[in-house]
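Please keep the sequence and the model in view while reading.

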Amino acid sequence: MRPAEQEISDQRLLKGARARATIARHAAEVASVEGLTGLSLGRLAGDLGVSKSGVATLFGTKEKLQLAAVQSAREMFIDIVIRPAYAHEGGMPRLRAIVENWFAYIGEPMLPGGCFRGQSVPEFDSRPGPVRDALVADRDEWFAVLEKEIARAQEQGYMSGLDPHTVAFQLDAIVSAANTAARMGDESALDLARTIVDGLLGDSR
């Protein structure tokens with residue numbers, strides 16, 4: 001391939017990647033409110049002012065669009081909640097940072113429906129298939145992050161004798177409940193959840 005032809009090909013690939021990312025992001029936004037089953041190629045094409053055939057070329061099927069929405073939401077969560085926390089020392093400092101970022105994520109959500117996982121997991125928890133598999137993998141990876149930092153915090157002398165998976169489960173349940181309550185208009189939800197989390201993590205500030 002000639003250099004000029006290669007450049008054109010690269011530009012097309014880049015344009016296609018950008019279009020795919022834009023559509024996947026909007027799919028995550030729609031799904032956060034209406035659920036993954038509410039997605040359609042035509043709906044997103046209409047929302048974004050592009051052709052349905054163009055969306056179909058990029059994603060092919062509704063299921064692939066749903067999977068792209070899951071991946072887009074996952075990347076947002078990592079960028080907002082997890083990645084910034086790695087500026088802190090491992091263990092309790094990082095765990096605290098993750099929790100605070102997590103509260104910020106649901107307090108001022110990037111997606112109109114709030115926490116994507118809180119919307120999509122109940123929708124697909126009993127529906128076998130690739131979308132459920134992707135959601136399970138995302139949840140497993142999230143718990144692995146929490147459990148790793150909880151175990152490190154225990155090495156630092158915190159939460160002695162507690163099972164890391166149990167603590168991760170409790171943290172996830174508390175913050176998920178706060179997300180639901182906040183979406184329902186409960187202005188006390190985040191402060192209450194923070195108080196409960198402080199009691200769970202102990203005197204670590």
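Read along the sequence, the protein follows the pattern α-α-α-α-α-α-α-α-α, with nine helices and zero strands, where helices (H or I, at least four residues) and strands (E, at least two) are DSSP runs numbered from the N terminus. The model is predicted, so to speak of local features a pLDDT of at least 70 is needed, side-chain atom pairs count only at pLDDT 80 or more, and totals for chains, interfaces and linings use all residues. Residues are numbered from 1 along each chain as its sequence is written, and side-chain values use heavy atoms, with hydrogens and water left out. The C-alpha trace spans about 60 × 40 × 30 Å along its principal axes.

**Helix packing**

Two packed helices are described by the angle between their axes and the distance between the axes. Here the axes are lines fitted to C-alpha atoms, for helices over the stretch in contact, and angles run from 0 to 180 degrees between N-to-C directions.

| Helix pair | Angle | Axis distance |
|---|---|---|
| Helix 4 and helix 7 | about 15 degrees | 9 Å |
| Helix 6 and helix 7 | about 130 degrees | 10 Å |
| Helix 4 and helix 5 | about 125 degrees | 8 Å |

Angles under 35 degrees count as roughly parallel, over 145 as roughly antiparallel, 65 to 115 as roughly perpendicular and the rest as oblique. Helix 4 and helix 7 are therefore roughly parallel to each other, and helix 4 passes helix 7 in a right-handed crossing; a crossing is right-handed if the near helix is turned clockwise from the far one by less than a right angle, and left-handed if anticlockwise. In this contact (heavy atoms within 4.5 Å), helix 4 contributes residues including Leu67, Val70, Arg74 and Phe77, while those from helix 7 include Ala134, Leu135, Asp138 and Trp142. The contact residues of the pair divide into 11 nonpolar, one polar and four charged, with Ala, Val, Leu, Ile, Met, Phe, Trp, Tyr, Cys and Pro counted as nonpolar, Asp, Glu, Lys and Arg as charged, and the others, Gly among them, as polar.

Helix 6 and helix 7 are, by their angle, oblique to each other, and their crossing is left-handed. Phe116, Arg117, Ser120, Val121 and Phe124 of helix 6 meet Val131, Arg132, Leu135, Asp138 and Trp142 of helix 7, a set made up of six nonpolar, one polar and three charged residues.

Helix 4 and helix 5 are likewise oblique to each other. Phe77, Ile80 and Val81 in helix 4 meet Ile98, Asn101, Trp102 and Tyr105 in helix 5, and these residues comprise six nonpolar, one polar and no charged.

**The cavity**

The structure holds one cavity of 30 Å³ or more, and about 80 Å³ of space lies in the largest cavity. On a 1 Å grid over the protein atoms alone, a cavity is a set of points where a 1.4 Å probe fits but cannot get out, and lining residues have an atom within 4 Å of a point; grid points are joined across faces, edges and corners, and a volume is the space filled by probe spheres set on the points.

Which residues line the largest cavity? They are Val70, Ala73, Arg74, Phe77, Tyr105, Cys115, Phe116, Arg117, Ser120, Leu135 and Asp138. Helix 4 gives the most to this lining, with four residues, and helix 4 (62-82), helix 6 (116-124) and helix 7 (130-155) each supply at least two. By class, the lining has seven nonpolar, one polar and three charged residues.

Notes. 1 Å grid on protein atoms, 1.4 Å probe; cavity = no way out; pocket = protein on both sides within 12 Å on 5 of 7 lines; lining within 4 Å.
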